[in-house]
Amino acid sequence: MPSVPPVPDFRMLFEAAPAAYLVVTPSFDIVAVSDAYLHATMTTREIVGRHLLDVFPDDPRDPAAAGVRSLTASLQRVLQERRPDAMAVQTYSVQRPSTEGGEFQERHWRPVNSPVFGANGEVAYIIHRVEDVTSSTRPAPAHAASRAKDDFLAMLGHELRNPLAAISSATAILKRTGGTSEAATTSRAVIERQVRHLKRLVDDLLDAARVQAGKVTLNRRPVDLADGVEHALSVVRAAGSLDDHELCVEAQSVGVNADPTRLEQVIVSLLANAAKFTPSGRAIRVHVGPDGDAALLRVEDEGVGIAPETLPRIFDLFFQGERSAARSEGGLGIGLTLVKTLTELHGGTVQATSDGLGRGSTFTLRFPGVAITKSLARPRVQFRGRTSRRVLVIEDNDDARDMLKTWLVLEGHQVLEATNGVEGLSILMTERPDVAFVDIGLPMMDGYEVARTARRETDHATRLVALTGYGQAEDRQRSFDAGFDDFVVKPVDPVRLTEILGDRTGTFRW
């Protein structure tokens, strides 16, 4: 029989922070508990070695057992998604010690469940951490952070309502006109543009959360900063953000040691910011090149400018300068925070300057320079023409699956479909399609297991493409480790699909 690995000593964790801890195995057996947790739950150390539901029974007749059901559901999410899961703040009535009067007091606890991975990369333990947040949930006077939060929530509502309203109206027009008129063509363009906008908002929100949690990782290699600017410009142009501006670009090759995806994010954010705050017809100037031993990127605009009192806070999370009640400029106060954080993670610096309101602004970034050669140039996709492929789509969301299938059929491909991992794997093994788009969050068997099993059981060269709503570096790496050849973040970009289906061997990441 395989040996059971010893339980790690969690005492250092228990002593490191003022919180209560319970540690369980993936089968919910309790292996460690802190004194603070025993005190908070009025239990004894004898619970170690017992099953969680033996200690805290999930009795459907007992309303108090709802907390246990919530806990086990959260633990299941941790096992499935392999990431921390924060539960809602819970309120309990706790009796004070007799020395304090013995009366009952209402306490507010915030539970968070986090995975601990073993040497094989699988979840070995789950840490259930409960923090007493009673003091932070009591009413407090308004302060700067609260104001920033309120402004952010107001702007978030505004930013989400605008594209949703446009999409709703465009959809109504398509339904009324039958989809063939000039109005329908315009409506489709509106939907595409607003969906891109919504995707960007969601990406920024997710990245802001990861920045705050210190979970941003970089996959760095030597790249040409001028090449990165070229690629970012194509992204911003495709969104139509620069259509009404005079764009002047001066770019010389200069090497930086960077994560290409994150570098593109920085440059796109700077260009989008310049376009947003620069009136139509005015200039945006981009300069990139060497500056001594450094690589320099400068984005200058002739826009609304920045007030002197605003400059020191321009990179603060959720901070937004004064704007009209209509909030026509848009934005969540996230983009420039990400620019600063990602630049500094690359060892660089960023500086914002302006001569004042109405006088434009300049953002200057400096990165440590590195030597580059022509071999570092961005790979180009080599298309092989419009070839019909046999494509399998494994997706449990009916609308997403139907729309992807419809697009593939219109492009001339033969499409098979499945709604869960087990069915999809069976079709994949028997039909052996050219390409399989596999959703990660599938019922019965997730996408990772579909890929691992397919690679283990067959040597057929089906191109496996992961479909996921998580677009972080670790999500991408986990997909490749499972056996996927490529990785697509939802909503699916038709141009990206064309690249994947048009060339079975090319490299699509610059």
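Colour by secondary structure to start: the protein comes to 15 helices and 18 strands. These are DSSP runs numbered from the N terminus, with helices being H or I of at least four residues and strands being E of at least two. The model is predicted, so local features need pLDDT of at least 70 and side-chain atom pairs count only at pLDDT 80 or more, while totals for chains, interfaces and linings use all residues. Residues are numbered from 1 along each chain as its sequence is written, and side-chain values use heavy atoms, with hydrogens and water left out.

**Whole chain**

Show the surface. Of the 510 residues, 41% are buried. Buried means under 20% relative accessible area, exposed over 50%, and partly exposed in between (1.4 Å probe, protein chains only). Among contacts with a separation of 6 or more, 63% join residues 24 or more positions apart.

**The largest nonpolar core**

Select Leu225, Val256, Leu263, Ile267, Leu270, Leu297 and Leu365. Of the 36 residues in the largest nonpolar core, these touch the most other members. A nonpolar core is a set of buried Ala, Val, Leu, Ile, Met, Phe, Trp, Tyr and Cys residues joined through side-chain atoms within 4.5 Å. Elements that each supply at least two residues include α8 (225-238), β9 (255-258), α9 (260-276) and β13 (361-370). The most comes from α9, with eight residues.

Zoom in on isoleucine 267. Leaving aside residues up to four places away in sequence, isoleucine 267 touches Leu225, Gly228, Val229, Ala232 and Leu297.

**α9 against α10**

The crossing is left-handed: the near helix is turned anticlockwise from the far one by less than a right angle, whereas clockwise would be right-handed. Show side chains at the contact. On α9, pick Arg262, Gln265, Val266, Ser269, Leu270 and Asn273; on α10, pick Gly335, Leu336, Leu338, Val339, Leu342 and Thr343.

**Salt bridges**

Now display charged pairs. There are 14 salt bridges, each a side-chain nitrogen of Lys or Arg within 4 Å of a carboxyl oxygen of Asp or Glu.

Go to arginine 82 and glutamate 122. Their closest N and O atoms are 3.6 Å apart. Arginine 82 sits in the loop between α4 (66-81) and β3 (85-86), and glutamate 122 in the loop between β5 (104-117) and β6 (123-132), so the pair ties together parts 40 residues apart in sequence. Glutamate 122 is partly exposed, at 41% relative accessible area.

Finish at glutamate 417. Its salt bridge with arginine 401 has an N to O distance of 2.9 Å. Glutamate 417 is in strand β15 (residues 414-418) and arginine 401 in helix α11 (residues 398-410), 16 residues apart. Arginine 401 is buried at 8%, whereas glutamate 417 is partly exposed at 28%. Glutamate 417 also pairs with lysine 405, at 2.8 Å between the closest N and O atoms. Lysine 405 lies in helix α11, twelve residues from glutamate 417. Shared partners join Arg401, Lys405 and Glu417 into one network.

Terms used:
Contact = heavy atoms within 4.5 Å.
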